[in-house]
Amino acid sequence: MMVIFQNRIIPDGEHTAFLSNTNKIFQYPSEPLRSFLYLLYIYIFYMYFSEHLKEKLEDYMSYYSKVRIVRTKKREGLIRTRLLGASVAKGEVLTFLDSHCEVNVNWLPPLLNQIALNHKTIVCPMIDVIDHNHFGYEAQAGDAMRGAFDWEMYYKRIPIPPELQRTDPSDPFESPVMAGGLFAVDRKWFWELGGYDPGLEIWGGEQYEISFKVWMCGGEMYDVPCSRVGHIYRKYVPYKVPTGTSLARNLKRVAETWMDEFAEYIYQRRPEYRHLSTGDISSQKELRKHLKCKDFKWFMSEVAWDIPKFYPPVEPPPASWGEIRNVASNLCIDSKHGATGTELRLDNCVKDGTERTWSHEQLFTFGWRQDIRPGEPLHTRKFCFDSISQSSPVTLYDCHGMKGNQHWSYRKDKTLFHPVSNSCVDCNPAEKKIFMNRCDPLSETQQWIFEHINMTILQKFNIYNNS
Ligand SMILES: [Mn+2]
């Protein structure tokens with residue numbers, strides 16, 4: 001799919017201040033196709049094999065002498081198609097953007113500047129949001145953050161640690177991994193790094209591959225707050241991904257090539273990866289040797305040293321886990337395998353032998369993030385007990401791992417205390433409802449018994465919380 005925006009000037013909004021110094025030189029408000037035909041560059045449309053827009057696109061682009069269209073002969077997927085586009089490019093700098101991107105004012109010079117300072121640098125713009133319904137443009141929410149990953153290799157974002165914060169927040173900052181595939185790179189350096197591993201299929205894992213590679217093999221990677229590019233996040237994927245395990249296979253390929261002994265942390269969480277074939281990775285290993293790349297341990301200690309604080313390779317032990325039984329009613333908290341928005345309710349405890357059906361979910365883990373998740377310690381689901389006020393129900397919500405309204409404390413008086421709302425989990429046994437209430441340690445409906453408790457860990461939590 002290709003989206004071509006015409007005659008549209010994006011409001012800079014809050015970022016105008018960052019841009020004002022150089023605006024005049026590079027801004028062409030009269031240019032109708034600013035998104036594509038911007039500076040002195042040749043634009044290459046690397047197309048997935050597609051009959052879509054065939055002549056239409058060629059006719060349209062024939063007006064623009066700087067545009068070249070390159071097509072693959074068969075469907076190659078994002079990674080190999082990008083490599084094809086890069087292979088015919090002649091400019092000094094390659095910039096990869098998705099087709100569903102629209103660049104903002106003055107997006108390119110801040111990227112080029114960083115490459116000019118060190119040509120072994122990969123630079124990423126900040127990705128703003130273009131609404132997929134009405135194409136409205138909005139700055140990305142929240143502060144700038146570093147790219148990270150958990151040990152199932154899901155992309156994550158973590159706050160910039162104070163050590164890396166710049167006095168001017170518009171200055172570029174180091175990022176361990178890129179968000180997706182929007183970046184600029186010196187063309188020669190890109191090929192010195194071997195481009196993308198051509199053995200990766202369709203898409204998936206390539207952002208980790210290129211990120212690990214640039215850091216470990218003598219380069220750097222920066223996110224550049226002054227460079228803004230809008231991106232359409234879509235609700236569903238409008239094409240068919242070949243069935244099979246290309247994402248898993250790609251991730252394993254990247255892990256086996258670059259992550260050394262750290263790959264084991266992935267396999268512990270994804271045992272099904274152990275038996276996947278990566279295909280032949282000897283040329284990738286050879287490249288790593290040839291470039292004298294540092295090892296992944298170096299990457300984790302020098303570049304991504306803050307990731308384990310949020311996503312530790314070895315999960316620290318939980319404070320308590322198992323069923324959570326209410327003292328007054330002798331009933332258990334049950335989340336019924338629900339997802340976001342599910343209200344927790346009381347039900348007969350499965351351990352008591354009553355109606356053991358699959359609909360029950362009564363095992364929970366109160367873990368090191370001080371949140372409570374369904375599941376046993378090593379296999380928790382990614383939903384957390386969440387509450388918003390002193391009287392609201394307790395619901396499951398996607399875990400954010402940032403404490404706040406998912407932060408709980410299990411106290412000596414057996415109450416489940418919620419510091420943010422200064423209230424306790426209470427229940428109505430007759431209606432089987434669970435809700436927040438003003439703490440009353442004498443009320444047995446507010447007393448809960450966790451099946452297993454690690455007192456040492458629990459005390460640490462409580463000392464830390466001063467409760
Ligand atoms: Mn995209």
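**Entry 1: confidence and overall make-up**

I began with confidence: the protein chain averages a pLDDT of 85, and 85% of the residues score at least 70, pLDDT being the predictor's confidence in each residue, from 0 to 100. I note that this is a predicted model, in which local features need pLDDT of at least 70 and side-chain atom pairs count only at pLDDT 80 or more, while totals for chains, interfaces and linings use all residues. I number residues from 1 along each chain as its sequence is written.

I then looked up residues 1-42, where pLDDT stays under 50 and for which the model has 57 contacts beyond four places in sequence; two residues are in contact if their C-beta atoms, placed from the backbone, lie within 7 Å. Where pLDDT is low, the predicted coordinates should not be read in detail.

Of its 467 residues, 35% count as buried, a residue being buried if 20 or more other C-beta atoms lie within 10 Å of its own, exposed if 12 or fewer, and partly exposed in between, with C-beta atoms placed from the backbone. Of the contacts with a separation of 6 or more, 70% come from residues 24 or more positions apart.

**Entry 2: helix 7 and its surroundings**

I looked up helix 7 (residues 206-216) and found it mostly covered, with 11 of its 11 residues buried. Among the elements covering these residues I listed helix 4 (77-88), strand 5 (121-130), strand 11 (220-232) and helix 11 (296-303). Helix 7 is followed by G218, whose phi is positive, near 100°.

I next examined helix 7 against helix 11, whose axes come within 10 Å and cross at roughly 85°; axes are lines fitted to C-alpha atoms, for helices over the stretch in contact, and angles run from 0 to 180 degrees between N-to-C directions. The two helices are therefore roughly perpendicular to each other (65 to 115 degrees; under 35 counts as roughly parallel, over 145 as roughly antiparallel and the rest as oblique). F212, W215 and M216 in helix 7 meet W298, F299 and V303 in helix 11. By class, this contact has 6 nonpolar, no polar and no charged residues, where Ala, Val, Leu, Ile, Met, Phe, Trp, Tyr, Cys and Pro count as nonpolar, Asp, Glu, Lys and Arg as charged, and the others, Gly among them, as polar.

**Entry 3: helix 5**

In helix 5 (residues 109-117) I found P110, L111 and Q114 to be the buried residues. Seen down the helix axis, they fall within an arc of 105°, so they line one face of helix 5; the arc is that of the directions from the helix axis to the C-beta atoms. These buried residues pack against strand 5, strand 10 (183-186) and strand 11.

**Entry 4: loop residues**

I looked up K336, in the loop between strand 13 (332-334) and strand 14 (345-347), and noted a positive phi near 55° in a residue other than glycine. K432 is in the loop between strand 21 (423-428) and strand 22 (433-437), and its phi is positive, near 60°.

Definitions and conventions:
Helices (H or I, at least four residues) and strands (E, at least two) are DSSP runs, numbered from the N terminus.
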